[in-house]
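Please read this briefing alongside the sequence and the 3D structure shown below. The points are grouped by topic.

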Amino acid sequence: AESSLNVFSTPGSLGTGEGWIDPSSPVNSKESLEKTLSETLKGSTFQKRISILGSTGSIGTQTLDIVDACPENFVVDALSAGNNAELMAEQVMKYSPKVASLSTPEAAEKLRTILKDRGCADMPDIVYGDEGILEAATVGSADTVVTGIVGAAGLLPTIEAIKLGKDIALANKETLISGGPVINPLVEKHGINMLPADSEHSAIFQCLQGVPPGGLRRVILTASGGAFRDLSKDELFRMCEEDSAAVQKKATTHPNWDMGAKITLDSATMMNKGLEVIEAHYLFGASYEDIDIVIHPQSIVHSMVETQDTSCIAQLGWADMRLPIVYSVSWPHRLKMPYKPLNLAEIGSLTFKAPDREKYPCIQLAYDAGNKGGTMTAVLIAANE
C-alpha cells in the first residue's frame, strides 16, 4: 500500500507552510503529543536494551559513559565497530553483549583470541563486515539502536532495525540525508521513534516538546563556525594557496567539540551544517526556506525554534555530546546525570552572526541539493564522503 506521508518537498517561503513534509521524529502532531505524554507518565524507572553501532568511536564511547552513569536504565545487547579489536575486547568484557561485530574477519578473529586469553566467560556471537553490522542492528532483544557509525554505511542497518520496530537514536546524519524519502514512511509504518542524538537536532527536538501541531514556524540551527571561523575569507583563501598542509591540519582540529575526524573536517568546511539543514527537514518537516543557520562561536545555544507567535525557544548546555545522546536514549525522561551544570555568569556573553556563504560554499550546495530533491541529497553525501 502506498504511504499517505508527504515525503517529497516542494519549495516554500517563510511561514507559508509550503514545502513542509511530515516529520520522522515524534513532533508536530496530535499523535506525537499523545505518545510523549504516555511515555512520560511511565516514569523514569525504565530499562532499555540498546545496540550501539560504532561502539569504539566518539558517539559509541560516550554512549557507554551514559550506560556507566545509569546502569539501572540501560543494558548493552550488541556492539559493532571498525578494526579496534583491543577496545572492543574491553567493552565486551565490561558489558557482556550478545553480539560483537568488527569490520574484517581478521579483526573478528583477533577479538576472539583476546577474549579467550582474558578468560571471557560469556562469549558473544562474534561477526564481521556488513552482515555483522546488520546482526548487531537487528539483535532480537534490543529495543533501541544507537547509530554512531560514519557515512552512508549507517543507512541499511537503520532500515532493518526500523522494520523490526526498534527505536533509533540517530547520530548518523547520512541516514536521513541519503534516504529520507524511504526512511520517513518506514518510521510511520512501524511506529518507531526517530530520536536525534546530535547536539543541534536534539536541541530542536527538546525545544519542540509541548509545541502543538502547527505551532512551529522556523528552525534555527546554530554553528560554531569550525576551525576557520576566526579567519577572514581573504585570509583563508590566501592560506589555502600558500600553506595547504597547514589548512589540512587546522581543518581536523575543532575549537569547541571533541568529535571524530570526518565530522570535524565537515565542520571546518561547514558542509556539516548544510547536511544538518537537510536532516532537520526530514526530522522536523520544515521547508528549506524555513530552516536558517546562525554562527554562534561559544557553542552554548545548540539550536532554536521559532513558533508562530514569533517566540523563540532555545536549548542551552555545555559543549558535551553526552547531553544530546542521553536524551535520545531516555526520551522523554530526564535522567539525573553527574555533569557540570551550566553557569551563564561564567560564560559571560553569547554572540551570533550570519555565515558567509562565499567563504563556506558548502552551505549553499546543501540548500540547492535539498531544494532539487529526489536523489540529489544522496549525491551530495557521496561527493562529500
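This is a predicted model: local features need pLDDT of at least 70, side-chain atom pairs count only at pLDDT 80 or more; totals for chains, interfaces and linings use all residues.

Residues are numbered from 1 along each chain as its sequence is written, and side-chain values use heavy atoms, with hydrogens and water left out. Helices (H or I, at least four residues) and strands (E, at least two) are DSSP runs numbered from the N terminus, and two strands are paired if DSSP finds at least two bridges between them.

- Seven strands in the order 4-3-2-1-5-6-7 make up an open sheet with parallel pairing, whose edge strands, strand 4 (125–128) and strand 7 (194–196), each pair on one side only.
- From one strand to the next the twist averages 25 degrees, with axes taken as lines fitted to C-alpha atoms and angles running from 0 to 180 degrees between N-to-C directions.
- Within this sheet, six bridges join strand 1 (residues 48–53) to strand 2 (residues 74–80) in the parallel sense, and Ile52 stands opposite Leu79 of strand 2.

- Strand 8 (residues 216–223) is mostly covered, with seven of its eight residues buried, where buried means under 20% relative accessible area, exposed over 50% and partly exposed in between (1.4 Å probe, protein chains only).
- On one side, strand 8 runs antiparallel to strand 10 (residues 301–307) over five bridges, with Arg218 opposite Glu306 and Val219 opposite Val305.
- Strand 8 also pairs with strand 9 (residues 291–295) in the parallel sense, again over five bridges, and here Thr222 stands opposite Val294.

**Salt bridges**

- The whole structure holds 16 salt bridges, each defined by a side-chain nitrogen of Lys or Arg within 4 Å of a carboxyl oxygen of Asp or Glu.
- Asp292 and Arg218 form one of them, at 2.6 Å from N to O; since Asp292 lies in strand 9 and Arg218 in strand 8, the pair ties together parts that are 74 residues apart in sequence.
- Asp292 is partly exposed at 26% relative accessible area, whereas Arg218 counts as buried at 19%, and both belong to a salt-bridge network that also includes Arg217 and Glu306.
- Arg229 and Asp230 meet in a salt bridge of 4.0 Å, N to O, in which Arg229 is buried at 17% relative accessibility and Asp230 is exposed at 70%.

**Helix 12**

- Lys273 and Glu276 both lie in helix 12, three residues apart, about one turn of the helix, and their salt bridge brings the closest N and O atoms to 2.7 Å.
- Lys273 is buried at 5% relative accessibility, and Glu276 is buried at 2%.
- Just after helix 12, Gly285 takes a positive phi of about 85 degrees.
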